[in-house]
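Good morning, colleagues. Please look at the sequence and the structure on the screen, and I shall then guide you through several of the side chains.

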Amino acid sequence: MARKSKMAKAAQLKKKFLQAILDGRKPKEATKVFNVCSQCGRTRGYLGKFDICRICFREKANAGELPGVRKSSW
């Protein structure tokens, strides 16, 4: 329950922030906007290119669910 509410709160803050920018005014709570993982709701270790956290990224990459991602070896 707490994770879903955290994800909903983050989405709501981001929506308010973007609306303020589109209206041409300075957002009031610019520092309160934060990114959350779309899979688990984790706030830390967020990878913006994939919209997930590092843990979910690793799980999906190892399972081959992320196109264009390969495990490096040298």
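Is K60 buried, partly exposed or exposed? The model before you is a predicted one, and in it K60 has a relative accessible area of 23%, which makes this residue partly exposed. K60 also has a charged partner: its side chain meets that of E65 in a salt bridge, at 3.3 Å from N to O.

How many salt bridges does a search of the whole structure find? The search finds 2. Besides the bridge of E65 and K60, there is one between the side chains of R25 and D23, with 3.7 Å from N to O. R25 is partly exposed at 48% relative accessibility, and D23 is likewise partly exposed, at 46%.

F50 itself is partly exposed, with 30% relative accessible area.

Finally, I come to the core. Which residues make up the largest nonpolar core? There are 5 residues in it: C37, C40, I52, C53 and C56. In soluble globular proteins, nonpolar side chains tend to be buried together. Leaving aside residues up to four places away in sequence, C37 touches I52, C53 and C56, and also M7, R42, Y46 and D51. Of these contacts, I52, C53 and C56 belong to the core with C37.

Terms used. Residues numbered from 1 in each chain as written. Predicted model: local features only at pLDDT ≥ 70, side-chain atom pairs only at ≥ 80, totals over all residues. Heavy atoms only, no water. Core = buried A, V, L, I, M, F, W, Y, C linked by side-chain atoms within 4.5 Å. Buried < 20%, exposed > 50% of the residue type's maximum accessible area, 1.4 Å probe, protein only. Contact = heavy atoms within 4.5 Å. Salt bridge = Lys/Arg side-chain N within 4 Å of Asp/Glu carboxyl O.
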